[in-house]
Amino acid sequence: MNKKISAWISTFVFCYLFWMLLVWSAEPRELVLGVLVSAGAALFAGRFLIHSRAFYLFHPVRLILLAVYVGVIFLWEVIKANIAMVKLVFSPKLSYRAGIIRIPGSDDIRSEYGLAMVSNSITLTPGTITLNAAADEEGHNYYYVHWIDVETTDRNRAGEMIKGRMERWIGRIWK
Amino acid sequence: MTTVILAAMAVFLAAGLFFALAGTVGILRMPDVYGRLQASTCIATLSTFCAAAAGILYAVHTGMSAGTVVKLVLLVLLILCTNPIANHALCKAAYRIGIRPARDFVIDDYREDFGEQAYTEVTADLPDEQFDRANEPIPAEEEGEIVPEGGEQ
């Protein structure tokens, strides 16, 4: 199928779903208005949102994995990191050792969506912010992460500590 | 049952407020922009989660329509999608316009790999004196070259 049209359809379905959830009524007026608004929005936003494999996420297993990831794995990581951050903030001396460390990404995750999701998950856990995601000549991915409390300067171990579990789960959703 | 729901709601609200307080205290106490950004993430994540959970419990308790619950969940998802992008952009921009941390970085791979380019790319086409370049005195010979605006016309 034409790439532009599939991107448009994918964005349209996403927008319409969003509209239905927000409106939460089955009146014909709302349904028709939703179609018009979603079609317009998809026309403008489709090429920004979808770059490749437009229907990749419309797959029950991946959607369930995504829900489990956001609702359980990611939530648990966020809670752990939040408690560590609270301890740091309320410690009287405020002693921490900040640094920017380059951690290697998994070779399984190649798509833009996967990279963006790993980066954003890292940024959302308090204590780590992704500055950059880059690839070297051989195609290995790296993330440059600002880490508020550098526990180890060994890059592989730091990567495991910062994103190990989250990345494995994202690797099951995006390739 | 009602008491249990109300108690759980109170606990969630209190937890949300506590994490928001921690984030705010962090913003005030941290010495540099990077630390402040890190502390502010507390407010956007667990604080928002807890507040939304309390809202959901309240909606269930007062018998509001399921639409309210869905709206609250969507609200959290929207914050989860947009907040990290703003945070990442702020942190990277702060680094690239040359703001140095209050305490030296233990390790700085970004500078090692991208070199001075990591700083100069953005400052190159912007007038330097508009930026507060912490810990970096302006060289003496550059100071003399600054022509006051509208002085020689």
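**Chain contacts and helix packing**

The side chains of A:Arg155 and B:Asp109 form a salt bridge, with 2.7 Å from N to O; the term covers a side-chain nitrogen of Lys or Arg within 4 Å of a carboxyl oxygen of Asp or Glu. The count of salt bridges between chain A and chain B is one. The model is a predicted one, in which local features need pLDDT of at least 70 and side-chain atom pairs count only at pLDDT 80 or more, while totals for chains, interfaces and linings use all residues. Residues are numbered from 1 along each chain as its sequence is written, chains are lettered from A and ligands numbered from 1 in the order in which they are written, and side-chain values use heavy atoms, with hydrogens and water left out.

Turning to the interface, 45 residues of chain A are in contact with 47 residues of chain B, contact meaning heavy atoms within 4.5 Å. About 3,900 Å² is buried between the two chains, and carbon and sulfur atoms give 70% of this area; buried area is the accessible area (1.4 Å probe) that two parts lose on being put together, summed over both. A:Ile100, A:Leu124 and A:Leu131 supply 16% of the area that chain A buries against chain B, more than any other three residues.

Helices are also in contact across the interface (DSSP runs of H or I, at least four residues, numbered from the N terminus). The axes of helix α4 (residues 112-124) of chain A and helix α3 (residues 66-96) of chain B come within 9 Å and cross at roughly 80 degrees. Here, axes are lines fitted to C-alpha atoms over the stretch in contact, and angles run from 0 to 180 degrees between N-to-C directions. α4(A) is therefore roughly perpendicular to α3(B), a label for angles of 65 to 115 degrees. On the α4(A) side the contact is made by A:Asn120, A:Thr123 and A:Leu124, and on the α3(B) side by B:Leu80, B:Asn83, B:Pro84, B:Ile85, B:Asn87 and B:His88.

Within chain A, the axes of α4(A) and helix α5 (residues 155-173) come within 10 Å and cross at roughly 145 degrees. In this pair, A:Gly114, A:Met117, A:Val118, A:Ser121 and A:Ile122 of α4(A) meet A:Ile162, A:Lys163, A:Met166, A:Glu167 and A:Ile170 of α5(A).

Within chain B, the axes of helix α1 (residues 2-29) and helix α2 (residues 33-61) come within 8 Å and cross at roughly 165 degrees. α1(B) and α2(B) are therefore roughly antiparallel to each other, as angles over 145 degrees are called.

Notes: Helix = DSSP H or I, 4+ residues; strand = E, 2+ residues; numbered from the N terminus. Parallel < 35°, antiparallel > 145°, perpendicular 65-115°, else oblique.
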